[in-house]
Amino acid sequence: MDIIKAIAENQGFGVDVVPQDWEVLVKGLDNAQSHIVMSGFSRNDEREAKYLLSNTYAWGRDALAVSAENNSIKNLKDLNGKKVATFADSPYIPQLEEVIGQGNPGIIGKPSAFLAFKELATGNAEAVLADEGVLRYYAKQFPEVNFKIVGEGEAFEYYDMVIITPKSENDLMEKINTGLANIVADGTYAKIYEKWFGVAPEQLPATK
């Protein structure tokens, strides 16, 4: 939210942030209820064909959070017979079902990453599947939990994250890309990153 607000301020347009469930975000573009969506969306051919995608504003990867003592879980297949918490009504659910079985009772769907991580904190789940940055952020809410991040295989490769608008919003997308380049160049982006993650970004988005 801080990134899109900084872009909007740099380019002189207003933005109202409306939190929504993940599965309805893009539907807001389709029914003209939203002009912009962003929530860890990756760049892919299907989205590129239907929407305008911004330049990369960050890099992410999915990961598993497990207790520091857990050496038995390193990839999705290792979750078979285990309890894993993740976002309900998200692509994580079918991804897990494809590997460990549709309707597997060990898959715990929660409405937010915070509540999913809470399942690990309270011992109700042995792993949490979510974006790595999100996991590290919410781990701060449970300092008593000694955890580690794991993830081996194709499912855990890094991807570039983009901001999405309808195809009709060419002028808006131009402002988004220009504003993104400007906040990277003037140091605003790095300050936002350090605010949330406590460290400087390893790699800044390209300014072109």
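This is a predicted model: local features need pLDDT of at least 70, side-chain atom pairs count only at pLDDT 80 or more; totals for chains, interfaces and linings use all residues.
**Reading helix packing and strand pairing**

Me: At what angle do α1 and α8 pack?

Reply: Axes are lines fitted to C-alpha atoms, for helices over the stretch in contact, and angles between N-to-C directions run from 0 to 180 degrees. Helix α1 (residues 2-11) meets helix α8 (residues 188-197) at about 160 degrees, with the axes 10 Å apart. The two are therefore roughly antiparallel (over 145 degrees; under 35 is roughly parallel, 65 to 115 roughly perpendicular, the rest oblique). Asp2, Ile3 and Ala6 of α1 make the contact with Thr188, Tyr189, Ile192, Lys195 and Trp196 of α8, contact being heavy atoms within 4.5 Å.

Me: How do the axes of α1 and α7 cross?

Reply: Helix α7 (residues 170-185) and α1 have axes that come within 8 Å and cross at roughly 100 degrees, so α1 and α7 are roughly perpendicular. On the α1 side, Ile3, Ala6, Ile7, Asn10 and Gln11 take part, facing α7 residues that include Lys175, Ile176, Leu180 and Ile183.

Me: Which residues make the contact between α5 and α6?

Reply: Helix α5 (residues 113-121) packs on α6 at about 65 degrees, the axes being 10 Å apart, and the pair is therefore roughly perpendicular. Their crossing is right-handed. Ala113, Phe114 and Phe117 of α5 touch Val134, Leu135, Tyr138 and Ala139 of α6. Helix α6 (residues 132-139) also lies across β3, β6 and β7, at about 120 degrees to β6.

Me: In what order do the strands of the open sheet lie?

Reply: Strands of a sheet pair through backbone hydrogen bonds, either parallel or antiparallel. Pairing is counted if DSSP finds at least two bridges between two strands. The five strands here run in the order β5-β4-β6-β3-β7, with mixed pairing. Strands β5 and β7 (147-150) are the edges, each pairing on one side only. From one strand to the next, the twist averages 30 degrees.

Me: Which bridges join these strands?

Reply: Strand β4 (residues 84-87) runs parallel to β5 (residues 107-110), with four bridges. In that pair, threonine 86 stands opposite glycine 109, and phenylalanine 87 opposite lysine 110. The chain passes from β4 through helix α4 (residues 92-100) to β5 in a right-handed β-α-β crossover: with the strands pointing away from the viewer, the path from the first strand over the helix to the second runs clockwise. Strand β4 also runs parallel to β6 (residues 127-131), joined by two bridges, where valine 84 stands opposite alanine 127. Strand β3 (residues 62-67) is antiparallel to β6, with four bridges; aspartate 62 has aspartate 131 as its partner.

Me: Into which domains is the protein divided?

Reply: Domain 1 covers 1-57 + 173-197 and domain 2 covers 60-150, with bounds from an automatic or database domain assignment. Taken over C-alpha atoms, the centres of domain 1 and domain 2 are 26 Å apart.

Definitions and conventions. Residues are numbered from 1 along each chain as its sequence is written. Side-chain values use heavy atoms; hydrogens and water are left out. A crossing is left-handed if the near helix is turned anticlockwise from the far one by less than a right angle, and right-handed if clockwise.
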